[in-house]
Amino acid sequence: MIDLRPFVSAGDGVWWGQGGAEPEPLVNALLDQVGEIGAVRAFCGLTWNPRLAGDLPDELTVLSYGGLGELRRLSRHGLLDVVPCHYSALPRMFARGQLPTDVGLVQVSPPDGKGEVSLGIGVEYVADAIPHSRVLVAEVNHRMPPTAGSARLPLERFAAVVETDRPLAEASTRPADAVDQAIADNVAGLIEDGDTLQMGVGPLPNAVLDSLSGHRDLGFHSGMITDGVLTLVEKGVLTGAHKEIDRGIVVTGAALGTAEFYGRLKEFPVEFRPASYTHSPAVLSRLRSLVSINSAIEVDLLGQVGAEIRRGVHIGAVGGQVDFSRAASLTGARSIIALRAESAGESTISPALRGGVVTTARVDVDAVVTEHGVALLTGCTVAERARRLIRVAAPRHRSPLENSLADRELS
């Protein structure tokens with residue numbers, strides 16, 4: 001285990017990458033040593049590291065842009081400090097010192113012949129935080145694939161290095177079910193040949209990708225990609241032939257998938273870019289064919305989207321949803337919110353957001369899709385939007401929603 005005490009001091013702010021790019025040996029070393037170091041603030045994104053699920057050392061404060069992965073458990077126990085923000089704001093927040101930047105813990109590929117390493121499958125906010133970090137410590141993982149699209153770093157840029165040869169963490173998700181597939185088929189009906197897609201990760205986005213196998217010349221520009229994206233490239237569906245920028249290239253910030261997927265990335269026209277590019281409003285405004293497809297926890301009868309909090313616990317994030325939804329609706333093709341009509345027996349279409357927080361404004365949503373249909377909202381009055389949303393709610397919840405709407409109209 002590497003000794004981080006020469007590089008991290010009491011009062012420092014530490015950050016590290018997320019998902020399969022999280023440098024777990026370095027993070028675990030920090031957890032083991034922070035008691036001797038003293039108080040440390042740490043920033044991370046999505047984590048699958050079980051050691052970050054609870055029972056943290058008292059000296060460690062964890063910050064994140066949302067409650068993703070194991071961080072949900074921290075949120076449930078009141079141990080997670082969430083910094084609500086657009087994903088596109090992270091680069092500026094690192095630059096201004098509003099997020100921890102004293103020490104960065106990074107997982108990289110083995111050095112090439114020039115002694116330079118790649119950030120591999122996790123470029124995103126990592127690339128934007130590095131220039132503002134005083135000290136960098138690297139895990140050189142011999143299984144981290146070098147990727148194209150962003151500058152490499154000289155190995156000498158790191159104050160210390162630990163070498164590993166461990167499998168990259170893989171995304172575990174349940175298979176898509178019949179409800180996911182019904183929603184996906186409804187979403188696919190809104191996609192036109194030549195569109196440029198953005199979507200998240202999970203069973204529903206995977207089902208959407210499967211439903212697009214009959215489309216042609218789609219493009220992709222997103223914060224993350226999964227195995228299903230490369231499957232569509234292999235099928236000749238994702239060609240990027242009509243993208244207004246980065247034609248012919250799949251643009252992403254990170255990869256979340258299987259070991260086979262990580263190992264085959266070099267075979268495909270995929271470029272990994274920092275968040276300051278993938279989520280930049282200036283960049284997204286040039287994609288006139290952009291279609292954003294995002295999930296949610298709930299949608300109210302005004303069309304406002306909640307994607308962060310359920311029963312007082314952060315289980316999601318603003319993330320890139322607003323960046324992409326606004327760009328797709330305002331300067332792109334269309335913005336889609338897709339969700340199951342019910343969750344734990346409750347309607348996800350509700351009179352008011354139970355979580356109490358609006359993630360995406362109603363004016364940035366063109367369509368809401370459930371397994372029961374598509375509610376096209378653009379150009380509709382407030383009353384018509386509500387009626388259309390009720391029609392895609394679960395049938396057993398429609399009468400209560402209609403009664404709620406009637407009460408609102410009478411008051």
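Accessible areas here come from the Shrake-Rupley method with a 1.4 Å probe. I applied this to a predicted model and looked up the surface of the protein chain. I noted that the chain exposes about 16100 Å², and that carbon and sulfur atoms supply 50% of that area.

I next looked up the secondary structure. I recorded 13 helices and 26 strands in the protein chain. I then compared the radius of gyration with the globule rule: the value is 22 Å, close to the 22 Å that the rule gives for 411 residues, so the chain is as compact as a globular protein of that length. I also noted the box that the C-alpha atoms fill, which is roughly 65 × 45 × 35 Å along the principal axes.

I turned to the interior. Buried residues account for 56% of the 411 residues. I looked up contacts between residues at least 6 apart in sequence and found that 68% of them join residues at least 24 apart.

Which residues touch the most other members of the largest nonpolar core? I listed Trp 15, Phe 43, Tyr 65, Leu 90, Phe 220 and Ile 225, in a core of 73 residues.

Finally, I looked up the charges. The chain holds 38 positive and 49 negative charges, and I noted that their mean positions are 5 Å apart.

Definitions and conventions:
Residues numbered from 1 in each chain as written. Predicted model: local features only at pLDDT ≥ 70, side-chain atom pairs only at ≥ 80, totals over all residues. Heavy atoms only, no water. Helix = DSSP H or I, 4+ residues; strand = E, 2+ residues; numbered from the N terminus. Rg over C-alpha atoms; globule rule 2.2 N^0.38 Å. Buried < 20%, exposed > 50% of the residue type's maximum accessible area, 1.4 Å probe, protein only. Contact = heavy atoms within 4.5 Å. Lys, Arg positive; Asp, Glu negative; His and termini not counted. Charge placed at Lys NZ, Arg CZ, Asp CG, Glu CD. Core = buried A, V, L, I, M, F, W, Y, C linked by side-chain atoms within 4.5 Å.
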